[in-house]
Amino acid sequence: MAEQSTPDAVFVNARLATMTANGDPYGAVMDGAIAVSGGKIVWLGAGGDLPDAFTKKADAFHDLNGAWVTPGLIDCHTHIVYGGDRAQEFEMRLEGATYEEIARAGGGIVSTMNDTRAASEDELVAAALPRVHDLMAEGVSVIEIKSGYGLELETELRQLRAARRIAGEIGVNVQTTFLGAHALPPEFAGRADDYIDLVCGEMVPEVARLGLADAVDVFCEGIGFSAAQTERVFRAARAHDLPVKGHVGQLSDLGGAALAARYGALSCDHLEYVADSDIAAMAKAGTVAVLLPGAYYTLRETSPPPVALFREHGVAMAIATDSNPGSSPLTSLLLTMNMACTLFAMTPEEALAGVTREAARALGLTESHGTLAVGMAADFAIWGIQRPAELSYRLGANPCQAVVRGGVLTQR
């Protein structure tokens with residue numbers, strides 16, 4: 001690489017989990033150094049190879065005393081902007097009600113819809129910020145935030161604007177996803193096709209015109225929308241040059257994964273119920289499987305996603321909190337990693353890849369995030385641990401010592 005004459009900062013005496021394919025577990029560089037300039041990594045390698053000029057001319061010099069450094073963590077599936085809460089549904093489930101029964105009785109997503117419609121943009125931002133701060137304290141640098149609790153144009157836009165404001169106010173990278181096809185609003189009861197007409201004919205075009213979304217998602221499920229309705233939304237999204245994602249296979253298999261793969265989906269998310277042929281289609285399309293153990297745990301599911309088949313087919317696996325008020329009120333990506341290992345039999349290295357390299361893939365960010373390499377964003381987390389597996393091993397602990405975002409070091 002071309003050396004920078006004056007790096008903004010140099011970090012030395014670090015153990016780097018680069019998450020690149022350098023032949024070592026975690027892509028490790030055991031005595032590593034990183035130089036950053038202009039918000040990007042401009043040099044990375046063994047500390048002994050660091051050019052002398054970098055240490056002499058860098059504006060800031062940081063000795064990390066053997067701490068581990070990973071790429072900034074990425075939560076690639078959240079619904080973190082919403083009004084109200086659904087703690088009462090937690091009690092109902094403990095008394096025997098199922099997620100589907102609660103939804104059909106007027107609870108679930110529609111309950112949050114009412115609270116979100118009643119909230120101003122300022123209120124949505126204020127409610128979401130503590131949840132986002134929880135994630136950032138654990139080394140998270142990128143968060144995907146979906147709409148989907150407005151189910152009408154005005155509130156969907158308000159959710160997306162609130163998500164973009166969060167990025168500007170606290171310095172986290174936010175990727176927004178339009179999820180207008182999340183549930184059927186009460187005013188369209190019995191008229192799902194008419195609501196999809198609204199999503200495709202008015203919502204998607206306006207979201208695209210305003211540049212408020214980076215992708216479009218659909219809940220393809222018995223309590224959501226059919227495969228045919230999902231395909232209509234995918235067509236509308238692609239007509240407006242927006243990539244697609246799919247909530248598929250959470251409660252049943254409607255063939256949503258294969259459908260999403262046909263449209264080149266960035267990811268299929270949940271996937272507790274998915275056919276082998278759909279997994280093969282995902283592999284061919286390069287579609288990432290985003291696994292959501294928080295929802296699996298909260299809903300007390302018994303059919304885990306087929307991790308072994310994803311491995312066999314070469315489907316990349318990301319994991320995420322699915323932070324939402326009903327099925328996954330989770331704001332810890334570290335706990336999510338532990339759940340992925342204990343509930344889904346992923347390895348600690350797969351779990352860390354799932355919140356770095358593969359999570360970046362699920363958001364279309366592989367050119368800038370998810371690995372430590374020259375040219376990538378200078379977003380990384382610094383950990384007081386002895387080995388990377390500790391990030392998946394410990395329960396309730398947060399060993400994050402500091403975070404670098406855009407090349408700027410912030411103590412936790």
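Helices (H or I, at least four residues) and strands (E, at least two) are DSSP runs, numbered from the N terminus. Strand E1 covers residues 9-17 and includes Arg15. This is a predicted model, in which local features need pLDDT of at least 70 and side-chain atom pairs count only at pLDDT 80 or more, while totals for chains, interfaces and linings use all residues. Residues are numbered from 1 along each chain as its sequence is written, and side-chain values use heavy atoms, with hydrogens and water left out.

Arg15 is buried without a salt bridge. Buried means under 20% relative accessible area with a 1.4 Å probe, protein chains only; a salt bridge is a side-chain nitrogen of Lys or Arg within 4 Å of a carboxyl oxygen of Asp or Glu. Glu390, the nearest side chain of opposite charge, is 7.5 Å away. Leaving aside residues up to four places away in sequence, Arg15 is in contact (heavy atoms within 4.5 Å) with Val29, Met30, Gly66, Ala67, Trp68, Val69, Ile385 and Gln386.

Helix H4 (residues 109-117) has buried residues Ile109, Val110, Ser111, Thr112, Met113 and Thr116. These pack against helices H2 (87-94), H3 (99-104), H5 (121-136) and H6 (153-170), and against strand E9 (215-220).

On a 1 Å grid over the protein atoms alone, a cavity is a set of points where a 1.4 Å probe fits but cannot get out, and lining residues have an atom within 4 Å of a point. Thirteen residues line the largest cavity, with His79, Tyr99, His182, Asn324 and Ser327 nearest its centre.

Key
1 Å grid on protein atoms, 1.4 Å probe; cavity = no way out; pocket = protein on both sides within 12 Å on 5 of 7 lines; lining within 4 Å. Buried < 20%, exposed > 50% of the residue type's maximum accessible area, 1.4 Å probe, protein only. Lys, Arg positive; Asp, Glu negative; His and termini not counted.
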